[in-house]
Amino acid sequence: MAKKKKPAGEAEVIEGKATEVKKKKRTSPMEFIQQVRNEAAKVTWTTRNETLVSTTMVLIMVAIMALFFFGVDQVLRLAVCTGLPIDCVGSSN
């Protein structure tokens, strides 16, 4: 914090990061509803086609990731079951 030099006879003034508390203006229910409608009018909604394309892309990525993790899981299971002297559940050994 930076301190100002105090002039002779005055109290020390310290500069800081204090914030002022502002009183909030109260709004009536009707004014609130108008503000909500005005803000809702500013929203840009996606088209049906954009939503379908995005949903399809997400489902394809989920399927790809599921196959990837299934493959990794099977490789790790095989490595653990063959590398360690334990009975693995579900293995046909």
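Phe-68 counts as partly exposed, at 47% relative accessibility. Partly exposed lies between buried (under 20% relative accessible area) and exposed (over 50%), with a 1.4 Å probe and protein chains only. The model is predicted: local features need pLDDT of at least 70, side-chain atom pairs count only at pLDDT 80 or more, and totals for chains, interfaces and linings use all residues. Residues are numbered from 1 along each chain as its sequence is written, and side-chain values use heavy atoms, with hydrogens and water left out.

**Overall build**
- Of the 93 residues in the chain, 2% are buried.
- The chain exposes about 9600 Å². Carbon and sulfur atoms supply 64% of that area. Accessible areas come from the Shrake-Rupley method with a 1.4 Å probe; for residues, only the protein chains shown count as cover.

**Nonpolar patch and aromatic pair**
- A nonpolar surface patch is formed by Ile-60, Met-61, Ile-64, Met-65, Phe-68, Phe-69, Val-72 and Leu-76. Together they have about 760 Å² of accessible area.
- Patch residues have over 30% relative accessible area and no salt bridge; nonpolar side chains (Val, Leu, Ile, Met, Phe, Trp, Tyr) are joined within 5 Å, like charges within 9 Å.
- Val-72 sits in helix H2, residues 48-83. Val-72 is partly exposed, at 33% relative accessibility.
- The count of aromatic pairs is one. Phe-68 and Phe-69 form this edge-to-face pair, 5.2 Å centre to centre with 70° between the planes.
- Rings of Phe, Tyr and Trp (its six-membered ring) pair if their centres lie within 6.5 Å; planes under 30 degrees apart are stacked, over 60 edge-to-face, and the rest tilted.

**Disulfide**
- The chain's disulfide count is one (a pair of cysteine sulfur atoms within 2.5 Å). Cys-81 and Cys-88 form it, with sulfur atoms 1.8 Å apart.
- The torsion about their S-S bond is about -120°, so the disulfide is left-handed.
- Cys-81 is buried at 10% relative accessibility. Cys-88 is buried too, with a relative accessible area of 18%.

**Salt bridge**
- The whole structure holds one salt bridge. The term means a side-chain nitrogen of Lys or Arg within 4 Å of a carboxyl oxygen of Asp or Glu.
- Lys-42 pairs with Glu-39 in this salt bridge, the closest N and O atoms being 3.1 Å apart.
- Lys-42 is exposed at 59% relative accessibility, whereas Glu-39 is partly exposed at 47%.

Note on methods
Helix = DSSP H or I, 4+ residues; strand = E, 2+ residues; numbered from the N terminus.
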